[in-house]
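Biologist: Before we use any terms for this model, I would like each one set against its definition. Could you take me through them?

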Amino acid sequence: MKRDVITSLSACLGTLVLCSVVYPFVVWAVAQIAFPWQAQGSLIVRDDGTIVGSSLIAQSFKGPGYFHPRPSAVDYKADASGGSNLAPTNPQLTELMSTQAAAEGATQSLHLPVDLATRSGSGLDPHLSVEAAKFQVERIATARGIDALALAQWIDRRADHSWWFLGAPPRVNVLELNLALDGKTTSRE
Amino acid sequence: MDITWIHPFWALLLPVALAIPLGRFMASVLDPPPERAGHGFDRLTHWALHALGRSKPQAMDWKAYGRAFLIFNLTLFVLSFLALEMQTWLPLNPDGKGSLAAHGWKDASGTMHENADTAVIFNTVCSFVTNTNLQHYSGEQHLSYFSQIGVVMWLQFVTPACGLAVMLAVIRGLRGDRNLGDFWHDLVRSLLFVFLPLALVVAILLAASGVPMTFSGAADATSLEGVHAPIARGPVASFVAIKQLGTNGGGFFGPNSTHPFENPTPFSNLVEIVSIILVPMATIFMFGRMIRDAKHARVLFLVMLGMLLLGMFVAIGAELGHGPAVKGVAQGPLLEGKEVRFGPIASATWAAITTATSNGSVYAMLDSFQPYGGLVPMSLMMLNVDYSGVGSGFLNMLMFVIATVFIAGLMVGRTPEYLGRKIEAREVKLAMASLLVHPLLIVTGTALFAATELGSKSVANPGPHGFSEILYEFTSASANNGSGFEGLADNTPAWNIGTGIVLLLGRFPSMILPLAIAGFLAEKKYTPPSLGTLPTDGVTFGATLAGVVLLVGALSFMPAVVMGPVADGLSRQAAPESPIPAQTAEPGSVQSQSKDAH
Amino acid sequence: MGIATLEPMPDVEKLKLNRRSSRHLRLFEPGLVKQAILRSIVMLDPRIQARNPVMFLVEGGALLTLMVVIESIATGADLGLILYQIALAFLLVLTVLFANFAEALAEARGKAQAKSLRDTRRLTTASRLGDDGEIELVPSNELKSGDRVIVEAGAIIPADGEIIEGAASVDESAVTGESAPVIREAGGDRSGVTGGTRVLSDRIIIEITAEPGASFLDRMIALVEGARRQKTPNEIALAIILAAFSIVFLIVTASLYPMARFFDVTLDVPTLVALLVCLIPTTIGGLLAAIGIAGMDRALQANLVAKSGKAVEVAGDVDTLLLDKTGTITLGNRRATRFTPMPGVDEHELARLAALASLADLTPEGKSVLELARRDFAVDSNAPDGSQFIEFSAQTRSSGVNLPGGLSIRKGAPDTLAKAALAAGHEIPENYQPIVDAIARDGSTPLAVSRDGQIVGVVTLEDILKPGIQERFLRLKRMGLRVVMVTGDNPLTARSIADRAGVDDFIAQATPEAKLAYIRSEQAGGKLVAMMGDGTNDAPALAQADLGVAMNSGTQAAKEASNMVDLDSDPTKLIEVVEIGKQLLMTRGALTTFSIANDLAKYFAVIPAMFVEFAPLSSLRALDVMGLASRGGHQSAILSAVIFNAVIIPLLIPIAIKGVAYRPVGASALLRRNLLFYGLGGVVAPFLGIKLIDWIVDPILSVLGLA
């Protein structure tokens with residue numbers, strides 16, 4: 001019994017060193033050397049060194065000239081992520097979706113693509129479906145004074161089809177689209 | 001070209017293909033014959049145990065093995081409790097996180113209680129020591145990097161290793177070894193040869209696909225529209241790897257694998273989904289090899305696979321439906337709580353796999369699943385035998401096997417026997433006790449909280465769905481799964497203590513009782529099979545086993561399920577078509593500080 | 001040389017059958033039914049019910065419902081509700097009564113069976129032999145173990161005992177149903193006598209071996225009387241499973257009440273009790289005792305007296321059967337089938353000589369030589385006057401005749417006669433030994449015949465397999481049993497017979513020690529062994545075997561060492577024992593499966609009905625797949641489920657008592673078959689049954705206006 005307790009304590013210490021010191025250090029070292037940009041959070045940095053955001057994390061875009069990301073249940077707080085947890089049978093969800101649809105300019109005949117009407121699980125979904133991006137073309141084209149059709153084709157060209165063979169749906173990264181719209185030069189940190 | 005339907009095939013076939021060789025490998029390194037123990041690769045074990053003063057394996061019977069297991073878990077409990085309590089004073093806290101207990105909690109009327117709430121620490125420790133990872137806190141908000149790595153991640157390594165160790169001991173008993181092995185040796189071998197190497201590979205694959213691995217604090221970003229916003233990050237890759245491999249499921253971030261930093265791409269997604277189910281699948285093949293009855297193990301494997309397929313099929317079907325919320329508003333299957341890069345099919349696939357195994361990580365919010373889509377993860381946890389937790393899933397299935405063998409054995413006119421050893425009153429008693437615990441915890445817990453304000457004031461959604469949230473929470477706690485219908489405001493002392501107790505009772509009896517059964521069976525005489533013996537390696541036995549599992553599950557949980565997801569689903573069909581104006585809570589109200597996120 | 005059996009062999013099978021059918025009671029024999037009905041009311045006593053947790057729960061539920069009824073009346077509830085609750089209470093009591101009835105009926109049958117045996121124990125007067133040699137007349141029920149009694153011809157043997165002096169022919173038909181008398185004699189393996197049988201000839205002294213009230217029969221009677229019946233280990237294990245299910249269902253139904261509070265719904269307590277009673281395994285719970293008693297009863301019908309309920313169960317598990325060759329596998333005796341003359345000897349002549357040598361041989365073998373010679377060679381078989389017959393002796397190992405003309409004819413063991421021939425200076429024909437060996441190799445017994453010392457030929461004595469024995473062994477093999485033949489023959493002969501009969505193994509030149517060793521080695525390999533024996537020297541092996549069956553004709557030691565006594569002393573009985581054991585276990589398993597499988601339909605009947613009147617959950621009406629209670633309100637669905645639950649118990653009594661038929665088709669096929677009948681059938685039957693009952697109850701309720 002006493003021997004078990006002693007073994008137990010030393011086993012705790014041993015496994016702690018192995019699992020919480022050696023292992024993360026090895027992973028950290030490999031990641032920092034082999035994939036430094038990803039390891040730091042895929043950050044996108046302006047020329048002046050300020051961080052615009054992470055290419056993996058959605059951020060709020062309210063202006064008409066930007067692609068709007070999916071709505072967020074946590075107001076795009078990247079340090080307090082989360083979803084709405086509203087049930088499909090909850091009338092509140094229907095109401096929220098109606099409000100969102102109206103805000104994005106959907107009508108009875110022109111339905112909003114569902115991803116643009118709903119909050120993601122993390123509240124930080126960086127992507128939109130190609131349809132949801134195209135849905136916003138009219139508004140952006142008007143705001144920026146560019147040709148809507150060309151913008152739509154531009155979206156098609158920038159659509160991310162990677163990993164399609166794993167069953168991944170085509171999508172676009174909102175932050176990257178908006179950066180490209182602005183023509184801002186940024187670097188990967 | 002839309003081939004999103006292909007995802008489930010990847011998600012099932014790849015892990016099966018990998019689990020077969022892994023299972024063989026595990027059998028050979030975790031259960032080496034005496035002459036190979038301590039030689040070759042196994043010298044590592046020898047050295048490690050030499051450091052613990054245990055280099056010579058001790059022959060343990062079920063009592064000694066169980067005692068070592070319990071003492072180790074008690075030590076884990078005490079140490080992690082202290083570490084979380086003292087988080088503020090410990091290193092690796094770049095964002096200056098305060099004590100986990102100091103966050104306080106909101107009561108039913110919305111009043112904030114600022115005082116220290118040790119209950120959340122109790123709940124968290126129970127949750128991680130039991131390999132559950134139910135989280136009533138939110139990782140990126142409340143835990144320092146030390147707590148994430150030195151407490152949570154450490155437990156994510158050692159608790160599945162404990163499960164695997166007990167499983168090894170039970171298998172040895174079933175094959176007739178009176179010496180069930182040495183707990184400490186099994187623990188160390190599981191870590192050294194299974195979890196650490198696998199985690200290393202997975203962590204690096206994840207880091208490559210974009211999961212952060214840094215000890216720097218949150219990045220301070222200024223968005224294109226000029227909003228300042230910190231972006232939480234951390235040593236995520238190493239964490240997520242073992243979270244998935246060890247059927248843990250506890251996320252680094254609150255919303256778990258929905259968070260783009262935990263699961264950034266469809267590739268990382270495949271890596272994670274394979275990691276979730278790989279080891280649980282491999283343990284079954286390991287079992288077959290250790291008892292030298294691959295056919296019997298294959299039957300168990302296929303029964304589990306069949307139930308998983310059924311679950312996936314129903315969940316995918318449900319999630320491809322649109323639901324009333326979408327009607328007249330938007331187009332396409334409801335994506336509330338789901339990520340665009342995964343879509344409904346992959347989300348439903350994950351939901352089935354994460355609850356079939358006792359993992360519980362999510363990459364879509366289950367609370368926002370369609371009623372029958374949410375029924376699937378709930379049902380799989382209620383059965384709690386579908387691969388399930390590393391070690392513990394097999395042990396649960398073993399209890400059903402014993403019950404099945406008993407009834408089926410009677411039906412072929414013989415005193416029931418399993419693997420050549422007679423199943424008698426003592427074994428039946430222990431197996432039934434083990435099987436009773438699970439429904440007992442779920443049903444009484446749900447009844448207590450549903451009938452009182454403890455539960456009724458915590459739910460986020462009205463009607464049957466609210467009931468489902470309570471039912472799901474207890475099911476997840478008892479099954480040691482850890483996923484949740486996250487809308488539930490469960491960071492209250494009542495929920496923390498209630499589910500904390502359920503977590504402990506859901507774990508330890510269902511480890512110790514099978515161990516005792518194995519110990520007793522090991523002492524029995526072996527009867528070679530004859531034509532009159534019920535074969536446990538054929539289709540008939542497999543179908544009977546599946547029937548018993550499903551029937552017992554249905555009979556135990558049908559009334560509760562009927563009042564929750566089924567009533568939810570049926571009322572949805574009866575619901576009016578036009579959108580209803582709502583006057584309930586403010587839009588986007590979430591309890592972000594109190595979610596079992598995972 | 002084979003030992004001839006003295007047992008008469010006239011159409012035994014037929015006689016046995018007659019007797020069994022005469023003892024076979026009709027399932028619902030009016031007298032027994034009446035007795036059982038009365039008993040089932042007495043058994044409502046909670047102290048008796050407490051032995052059966054499942055039914056105890058039902059009785060508790062009935063009591064709770066009654067209390068709610070009183071409350072409803074006191075608070076002036078709706079008349080419809082009160083009547084509904086009364087109906088439920090009545091149905092719950094009825095459920096308990098039905099279960100009681102099943103047990104009481106099985107018990108009554110068992111007792112009737114036992115009584116027919118006990119009736120053989122007519123109270124007689126015994127002549128007890130005192131220590132001083134004086135004879136004292138005492139009533140037979142005062143005899144104690146160790147007492148000696150004298151029984152004269154025509155008298156009834158007063159109690160079980162062993163003959164210590166004398167031999168007698170005994171009519172055992174009262175016990176075994178066989179009318180032919182049997183020989184019982186002191187000193188051998190046929191010294192056991194049973195009380196109630198009649199001595200036909202001679203005078204014997206018997207030592208009583210059973211205390212009053214403690215004979216095998218008394219023990220058996222106790223086993224079928226429920227009150228004193230001990231649960232077997234297997235029954236205990238099953239009872240644990242049933243209790244576990246009951247606990248789960250108790251929690252599930254009890255928690256429904258608080259769960260419904262979430263929706264501000266207050267459920268009706270009697271309805272919850274009804275749901276509970278529907279769910280807990282009342283079907284098997286009510287029939288479990290009956291199944292056990294009926295198993296003993298079936299054993300008794302087969303004239304097997306088991307010493308414990310466990311013995312019958314063990315029989316189902318037996319892996320290896322040790323069967324005596326003689327009387328079990330082969331007909332009790334060998335028969336002459338062929339005459340093989342030596343060169344220069346005419347076959348007809350050989351037949352004539354062999355017949356002459358056998359004239360005085362009254363063993364069946366000797367008779368069969370005569371028979372063959374007469375039939376095939378028309379030998380005139382009268383011995384000339386003045387012939388001198390030589391009896392068989394162990395020294396000479398031959399017998400024969402010396403004819404008046406000086407001709408001496410012998411028949412006997414080939415090696416003995418060959419030695420005698422050599423000694424007498426005759427030559428042994430060259431092909432003699434090969435012929436002898438070939439006959440032995442075929443499993444037959446060679447018998448040499450000599451004329452004046454000169455060997456003239458060999459008679460083949462063949463072991464004749466019992467008709468149909470191969471089929472029986474095939475059946476045993478399909479049941480998964482290994483059959484081992486025990487014989488005194490040499491290995492060569494034994495192998496040949498073993499091959500012909502299709503047994504898996506044999507013990508040749510078997511001694512009691514060899515048997516014991518074989519049993520031990522089988523058991524070391526984890527096998528359960530059954531054997532049958534009669535002699536005192538069989539006792540150790542009988543005790544060692546997991547299932548020892550002693551012949552009633554056997555010695556007291558053999559009977560004491562075994563778990564069962566076969567009143568028929570029929571060596572093939574082991575096969576029957578195994579099937580009875582299997583049937584017992586199967587019936588339990590099948591009815592358990594049926595009982596649990598029934599629950600699914602009951603959920604679909606009760607749950608929608610329970611919630612349908614409450615708005616937040618009224619959508620659950622969609623679960624009413626049976627379309628119940630279309631007119632009379634939801635109570636009809638609940639009542640129908642409870643009625644089905646109650647009525648199924650008496651409906652299954654025939655299966656419980658007769659047992660589920662065993663078929664030797666292999667375990668998997670058997671399981672498939674039983675799962676199909678009792679598993680799938682158990683799921684489907686209540687859907688149909690409840691719908692049917694509702695079809696009757698629903699209009700009644702609607703007419704009564706209780707909806």
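Biologist: What makes helix H11 (309-317) of chain C a helix that is largely enclosed by the rest of the structure?

Modeller: The buried residues of H11(C) are C:Gly309, C:Ala311, C:Val312, C:Glu313, C:Val314, C:Ala315, C:Gly316 and C:Asp317. A residue is called buried if 20 or more other C-beta atoms lie within 10 Å of its own, exposed if 12 or fewer do, and partly exposed in between, with C-beta atoms placed from the backbone. Because 8 of the 9 residues of H11(C) are buried, the helix counts as largely enclosed. This is a predicted model, in which local features need pLDDT of at least 70 and side-chain atom pairs count only at pLDDT 80 or more, while totals for chains, interfaces and linings use all residues. Residues are numbered from 1 along each chain as its sequence is written, and chains are lettered from A and ligands numbered from 1 in the order in which they are written.

Biologist: Why is C:Leu63 called partly exposed?

Modeller: C:Leu63, found in helix H4 (residues 53-74) of chain C, has 15 other C-beta atoms within 10 Å, and is therefore partly exposed. Helices (H or I, at least four residues) and strands (E, at least two) are DSSP runs, numbered from the N terminus.

Biologist: How do you know that strand E1 (residues 125-129) of chain C pairs with strand E2 (residues 135-139) of chain C?

Modeller: Two strands pair if DSSP finds at least two bridges between them, and 5 bridges join E1(C) to E2(C), which run antiparallel. In E2(C), C:Val138 is the bridge partner of C:Ala126. E1(C) is also joined by 3 bridges to strand E3 (residues 148-151) of chain C, again antiparallel, with C:Ser127 opposite C:Ile150.

Biologist: Why are helix H6 (residues 145-174) of chain B and helix H8 (residues 236-245) of chain B called roughly parallel?

Modeller: Their axes, lines fitted to C-alpha atoms over the stretch in contact, with angles running from 0 to 180 degrees between N-to-C directions, come within 9 Å and cross at roughly 25 degrees. Angles under 35 degrees count as roughly parallel, over 145 as roughly antiparallel, 65 to 115 as roughly perpendicular and the rest as oblique, and H6(B) and H8(B) are therefore roughly parallel to each other.
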